[in-house]
Amino acid sequence: MRASGVLLPIFSLPGKYGIGCFSKEAYHFIDFLKKAGQTYWQILPIGPTSYGDSPYQSFSTFAGNPYFIDLDNLIEQGLLTKEECDNAHLGTKENDIDYGALYNERFRLLRTAFGRIDEKTKKEVEKFDKAEPWLEDYALFMALKDAHGGAAFSEWEDDLRLRKEKAIATAKETYKNDIDFYKYLQYEFFREWKELRAYANEQGIRIIGDIPIYIAADSADVWCNPKLFQMDENLMPKSVAGCPPDAFSETGQMWGNPLYDWPVHKKEGYKWWISRMKACERLYDVIRIDHFRGFDEYYSIPYGRKDAVVGQWEPGPGYELFETMEKELGKLNIIAEDLGYITPTVRKLVKDTGYPNMKIMEFAFDGREPKTGGAKTNDYLPFNMDKNCVVYTGTHDNETLYGWLDNVGKKSLEEAKRFMDIKWITKKGFVKKMVRLAISSPANMCIIPIQDYLCLGNEARINEPSTLGKNWRWRLVKGQLTDKVAEEMLYLANLYGRH
């Protein structure tokens, strides 16, 4: 079935208290999507963020981000007062996120709320704890990070870093209150998210979740399961993840994530991956897996290198992983992010799984001359798309379409104009044409970043890879999602048969 949706991170929702969250604005956004004739809401990873504030570098692959807990909800529960929340310094700009302020002030408010929960809630948290096997280790991990001033676990004393039994037992007694605090945060996060997702589904909106293929080096997952990763006896990575040099970067991309020890995963029947995907199924209706090509081959960089120039490709688990997961979990609703340099073996893996892959309209016009007779080899042009794919104008890593027009280059711009049969047009008009081109494509699913519907420039860009300090900060402002915008979106959805 042809359908369309919108890409908007939770943190980019409008509202009070410094960051988008599971507030009434989230419910209003779902209402807006319904009014606009949309079927999907794609969000970025919603785990607790680490240094750099990237949702793709989380302290846990199973936990949720406490920043998304709705403070107004806590006020309604009687755990906080409006005055306490209003007096907290949570940032000064409604279209920007001040993560430093959030770290200091929002956690202070959450600790205050935790100190006021009643016995009934405590019992509910205990019940939640028993049902979530990952929670005890995650809560201890976070409590120990606090005790070490936020230092990575690789810097902790050996007994804790190496999880010696006596040291862990002592830590659980010493930091019991902090451990209980982090368990409460997860209980409240999942309680609120469950209600929000249920509301979305009731309105006919399905949630597309997003998971990174790799796990952050400083995470509860690595600390508790080092044998699943390529680590030495001191829990230091042997090799790390990244991408080799290409046309976009002379030194490649150094991600720094520890690499999986795939033979160990295979020996254990991929049970960690099965548990991860099972957890994702409880959170989302569809799961987008980032860097899907890493399952075919992954780029291995020796630990300690400052860039990705030196490295080599190693074989991943291939189709066997997904075959095993499907036997355990049934057919999964997965989107394979297969962007970048894609080899024939990656294409085969995507085809064998049957998962829809991704097409980006910004990549469709690269300035290359057509072959004799006008045939085009660019996979991102609409007429080269298979129906079993998801088309985007751009992703969270790309420029907005409006910003892309300033930087794409004259040759590519002229190519796009010829393709769409336009000679002169305003920038906003061009953006609208590109959005329409994506929606009219053969792809079964079309996802448009909300910035492109609103014709916003690169001030609204979510992320610029390989940069720090300005990413993951943009937010919608109240009033931007007007009835007129919804009407235009509904018109296009109906015009091109996306329901």
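Two strands pair if DSSP finds at least two bridges between them. Helices (H or I, at least four residues) and strands (E, at least two) are DSSP runs, numbered from the N terminus.

The model is predicted: local features need pLDDT of at least 70, side-chain atom pairs count only at pLDDT 80 or more, and totals for chains, interfaces and linings use all residues. Residues are numbered from 1 along each chain as its sequence is written, and side-chain values use heavy atoms, with hydrogens and water left out.

**Exercise 1. Describe the setting of Asn-357.**

Step 1. Asn-357 belongs to strand β10. Strand β10 runs parallel to β11 (residues 389-392), and four bridges join the two. Within β11, Cys-389 is the bridge partner of Asn-357.

Step 2. In a regular strand the side chains alternate between the two faces of the sheet. From β10, Asn-357 and Lys-359 point one way, while Met-358 and Ile-360 point the other way.

Step 3. Buried means under 20% relative accessible area, exposed over 50%, and partly exposed in between (1.4 Å probe, protein chains only). Asn-357 has a relative accessible area of 13%, so it is buried.

Step 4. The side chains of Asn-357 and Asp-338 are joined by a polar contact of 2.8 Å. Such a contact is a pair of N or O atoms within 3.5 Å; within protein, one must be able to donate a hydrogen and the other to accept it, and residues adjacent in sequence count only if both atoms are side-chain atoms.

**Exercise 2. Classify the ring pair of Phe-292 and Tyr-355.**

Step 1. Rings of Phe, Tyr and Trp (its six-membered ring) pair if their centres lie within 6.5 Å; planes under 30 degrees apart count as stacked, over 60 as edge-to-face and the rest as tilted. The count by this rule is 47 aromatic pairs.

Step 2. The ring centres of Phe-292 and Tyr-355 are 6.1 Å apart and the planes stand at 85°, so this pair is edge-to-face.

Step 3. The two residues are 63 residues apart: Phe-292 is in the loop between β6 (286-289) and β7 (297-302), and Tyr-355 is in the loop between α14 (344-353) and β10 (357-360). Both Phe-292 and Tyr-355 are buried.

**Exercise 3. Determine whether Glu-326 is buried, partly exposed or exposed.**

Step 1. Glu-326 is placed in helix α13 (residues 319-329).

Step 2. Its relative accessibility is 33%, so Glu-326 counts as partly exposed.

Step 3. Glu-326 and Val-431 are 105 residues apart along the chain, and their C-alpha atoms are separated by 40 Å.
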